[in-house]
Amino acid sequence: FPVTIGGSVDKIEAVKGFKTALDLDTFSEHLMKDGLVLIGQTPEIAPADRLIYALRDVTATIDSIPLITASIMSKKLAEGAFSDAIPDAEQVCRIRKTILGERHPDYASSLNNLAFLFRSMGDAAKAEPLYLQALDIKKSTLGENHPGYAISLNNLALLYRSMGETAKAEPLYVQVLKIFKAVLSDRHPDYTTSPNNLAGYRDWE
């Protein structure tokens, strides 16, 4: 079974002849032959984790809990291990709430990320109150005409769509479209995506 590791790669590479920088072909060859591969991050394997580690190095934030958590979550989400990522997402929420306060838009973003994990697992009962809380924070801090508020509306609409709550989803999509039309160019990617979401919703309905 393949194992992606980080943080201790330099120690393993101290073993004479041991290499962790492998291309995918070499990785697959050893996996099929030996059934076990130890490999570091590459542009093809765990690239987000690789970038986060590099960021921590150059910004002297090796001990930054949010960046450590993001590194762990990037691997788990890439593996589709949503349930395993939830404790990390909850920890980020607690940290941001403590440092920034419970009415900060960045805390709302963390709530949204946690809600996304629950939605991906099909747990709408846990996702909905988190989306609603994030929406309320964005509304009070950014205003009802801000793209960030529109994104929160869209996230909630996606949840309702997945729940089959068509009467709740459509007016949210319409509101998102109005906000983006008012504040963005009609060529902006966020605006052009909104009509597609609404059209997709109506086709799905």
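**Reading Ser152 and its surroundings**

Guide: Let's start with Ser152: setting aside neighbours within four places in sequence, Ser152 is in contact (heavy atoms within 4.5 Å) with Ala134, Leu135 and Lys138. This is a predicted model, where local features need pLDDT of at least 70, side-chain atom pairs count only at pLDDT 80 or more, and totals for chains, interfaces and linings use all residues. Residues are numbered from 1 along each chain as its sequence is written, and side-chain values use heavy atoms, leaving out hydrogens and water.

Visitor: Is Ser152 buried or exposed?

Guide: Buried means under 20% relative accessible area, exposed over 50%, and partly exposed in between, with a 1.4 Å probe and protein chains only. Ser152 has 3% relative accessibility, so Ser152 counts as buried. Ser152 is found in helix H8, residues 147-163.

Visitor: And what is the burial of the 205 residues in the chain?

Guide: Buried residues make up 33% of them.

Visitor: How many helices and strands are in the chain?

Guide: Helices (H or I, at least four residues) and strands (E, at least two) are DSSP runs, numbered from the N terminus. Here you get 10 helices and two strands, in the order β-α-α-β-α-α-α-α-α-α-α-α along the sequence.

Visitor: Where is Asp25, and why does Asp25 count as exposed?

Guide: Asp25 sits in helix H2, residues 24-34. Asp25 counts as exposed because its relative accessibility is 67%.

Visitor: How much of the contacts with a separation of 6 or more comes from residues 24 or more positions apart?

Guide: Such residues account for 48% of those contacts in the chain.
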